Amino acid sequence: MNPAASPSDPACPLCGPAPAGLLWEDARLRVIHVDDSPFPGYIRIIWRRHVAEMTDLSPAQRGNLMQAIYQVEALQRQILQPDKINLASLGNQVPHLHWHLIPRWHADPCFPDAIWAPNRHDPVQQAAWQRQAHALTTQRVPLLRKAITDAFEGV
Ligand SMILES: [Zn+2]
């Protein structure tokens, strides 16, 4: 455990009250649907203590966090059937440990780059992607949200 890591930091946006899109939380972690993203089914898992790196966690805590990540990834694959899942832990801008779990499609605006890369689409591709994303968002993402909540509540 890093002795410099504080349990919370008032300047940190991830240390605050429950954010929009919160699907589940316990004392250790939060599972959040990033529902203002153009990438359907984008989930963020945030470790609740204000630590920066995976090696700030005990082995048991790391296992707990990774198990949550695998659980969500499996549901994203099953329900959304994306072409790829991207798992990312960056924290360069907000050094509070969190993981991005991002379903990706060949037709999405940045594929095969990371979602933070520039949009590659021309207007025709963009219109096609918006139809696909709308269908996913209205038909599949609600199922994903319910499945995640059920899975973490042990239903
Ligand atoms: Zn924090």
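Student: Which residues of β3 are buried on one side of the strand, and which on the other?

Tutor: Two conventions come first. Residues are numbered from 1 along each chain, in the order in which its sequence is written. The model is predicted, so local features need pLDDT of at least 70 and side-chain atom pairs count only at pLDDT 80 or more, whereas totals for chains, interfaces and linings use all residues. A residue is called buried if 20 or more other C-beta atoms lie within 10 Å of its own, exposed if 12 or fewer, and partly exposed in between, with C-beta atoms placed from the backbone. Strands (E, at least two residues) and helices (H or I, at least four) are DSSP runs numbered from the N terminus. In β3, I43, I45 and W47 are buried on one side, and R44 and I46 on the other. Five of the five residues of β3 are buried, so the strand is largely enclosed by the rest of the structure.

Student: How many bridges join β3 to β2, and in which sense do the strands run?

Tutor: Strand pairing is read from bridges: two strands pair if DSSP finds at least two bridges between them. β2 and β3 run antiparallel and are joined by five bridges; in this pair, I32 stands opposite R44. β3 also pairs with β5, again in the antiparallel sense, over four bridges, and there I43 faces L101. β1 and β2 form an antiparallel pair with three bridges, in which L22 is opposite I32.

Student: Which residues touch the most other members of the largest nonpolar core?

Tutor: A nonpolar core is a set of buried Ala, Val, Leu, Ile, Met, Phe, Trp, Tyr and Cys residues joined through C-beta atoms within 7 Å. The largest one here has 27 residues, and L29, V31, I43, I45 and V72 touch the most other members. Two or more residues come from each of β2 (29–33), β3 (43–47), α1 (59–80), β5 (98–104) and α2 (123–153). Contact means that two C-beta atoms, placed from the backbone, lie within 7 Å. With residues up to four places away in sequence left out, I45 touches L29, V31, A68, I69, V72, H98, W99 and L101.

Student: Where does the kink in α2 lie?

Tutor: A bend at a residue is the angle between axes fitted to the seven residues ending there and the seven starting there. In α2 a kink of about 45 degrees lies at R140, shortly before the proline P142. The expected span of a helix is 1.5 Å times one less than its number of residues. α2, with 31 residues, reaches 42 Å from its first C-alpha to its last, close to the 45 Å expected. An α-helix has 3.6 residues a turn, so residues three or four places apart point the same way. The buried residues of α2 are A133, L136, V141, L144, R145 and I148; they pack against β1 (22–25), β2 and α1.

Student: Is D108 buried or exposed?

Tutor: D108 is buried, with 25 other C-beta atoms within 10 Å. D108 lies in the loop between β5 and α2. Apart from neighbours within four places in sequence, D108 contacts F39 and W129. P112 is in the loop between β5 and α2 as well, and a cis peptide bond with omega of about 5 degrees joins F111 to P112.

Student: Which phi value does Q81 take, and where is this residue found?

Tutor: Q81 has a positive phi of about 50 degrees, although it is not a glycine. Q81 sits in the loop between α1 and β4 (84–88) and is exposed, with 11 other C-beta atoms within 10 Å.
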